[in-house]
Amino acid sequence: MHSLPTPLPPALTEAIVRAGGRLGFDAFMALALYAPGWGYYSGGRRKFGTLPQSGSDFVTAPELSPHFGRALAAQVAQALQATACAQVWEFGAGSGALARQLIAQLDQMGAGPDRYVIVELSAELRARQQETLSDLASRVQWVDALPERLEAVVLGNELLDAMPVHLLLRKAGQWHERGVVLQGDRLAWDDQPTQLRPPIEPPGTGDYLTELHLQAQAWVRSLADRLQRGAVFLIDYGFPEAEYYHPQRHMGTLMCHQAHRADADPLQQVGEKDITSHLDFTAIALAGQDAGLQVLGYTSQAHFLLNCGLLEGMADAPLQERVMLQKLIHEHEMGELFKVIGFAANTPTCPYDGWQAIGFNAGDRSHTL
Ligand SMILES: C[S@@+](CC[C@H](N)C(=O)[O-])C[C@H]1O[C@@H](n2cnc3c(N)ncnc32)[C@H](O)[C@@H]1O
């Protein structure tokens, strides 16, 4: 059954015309997700949840189980202590579920932060977070951007995958950048030769579609420039570059989500579905390292959460809770596809002193980056 195509948001049509008739995919994705009023994350869709009946589109780890935040709290508590920081900064806090889980658990551990600061791009989500966390208003604060100097433990769960990517297409042996043009009242692809290249050339000469995460890398660099003291933990789906730019991954990883169904066509139903891509964790690690951060570790979500004590005391938990825990760590669910990368600040005022992050105690895969 074919559904009728939804009309394009007028502001998108105007933006394409204003740009001379063509938007690079990164600019298109930025609008489709974040344009005020109609972008996917700026609009009123429920977005996160476990079931399509709730009107949600996809589920994230903190929505699946509060034990995700409880386990992460063990890592955050250690990092706060090791770096002598008193603030947690969360970027892209979604519904606010992770913030609630973390603050509750950190308080219980006697490690509650003085301030929990949220940086959220979407005004709609910020309003939702303020409502969810209203009882914690004295400690939770929202800010629009990074300060010049930051001393904190910084977190981002599924943050970088929601940042716009460049799309690159190798066609007849030549690299092109994908852009978006108008074709009547619809959108179409437009590929132009480019100097941009993936960090490694995928072997062979066959057609190959892939992504570059320049915005995510720039975000890591600007965080690194400002982080005087503290640590960073980023959780997301992705692979090291050798796996990312593998000959078999010739269709790329760009994906859309709506009502818990995935599709690969971001040019349809613009603003009504999520657009995301997997991460090249090698590029993220290099961006941090080149900007002065120390890589603390890189591992699967399963290893990380188990190292943080996810299953401790859970043997007698109700079945439903244990089922959700399994989803977080099972290799065919989130356990293997999702990875965690950790960084420590390493500055003249606060040189990295060699502390080992507990989340990477067993199963560190930094050598694969
Ligand atoms: C896929 S959602 C994940 C939400 C939440 N962390 C979770 O796990 O449920 C991505 C979130 O990142 C936010 N976001 C994207 N880019 C951002 C940026 N540069 N700064 C702050 N938030 C951003 C989005 O608005 C959204 O809240």
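The briefing below covers the basis of the values, the ligand site and the overall fold.

This is a predicted model, in which local features need pLDDT of at least 70 and side-chain atom pairs count only at pLDDT 80 or more, while totals for chains, interfaces and linings use all residues. Residues are numbered from 1 along each chain as its sequence is written, and side-chain values use heavy atoms, with hydrogens and water left out.

**Polar contacts (pairs of N or O atoms within 3.5 Å)**

- Oxygen atoms of the ligand lie 2.6 Å from a polar side-chain atom of Thr60 and 2.5 Å from a polar side-chain atom of Glu120.
- In the side chain of Asn157, an N or O atom is 2.7 Å from an oxygen atom of the ligand.
- The protein covers 96% of the 600 Å² of accessible area that the ligand has on its own, as computed by the Shrake-Rupley method with a 1.4 Å probe.

**Overall fold**

- The chain has 11 helices and 18 strands, which are DSSP runs of H or I with at least four residues and of E with at least two, respectively.
- The C-alpha atoms fill a box of roughly 60 × 40 × 40 Å along the principal axes.

Key
A polar contact is a pair of N or O atoms within 3.5 Å; within protein, one must be able to donate a hydrogen and the other to accept it, and residues adjacent in sequence count only if both atoms are side-chain atoms.
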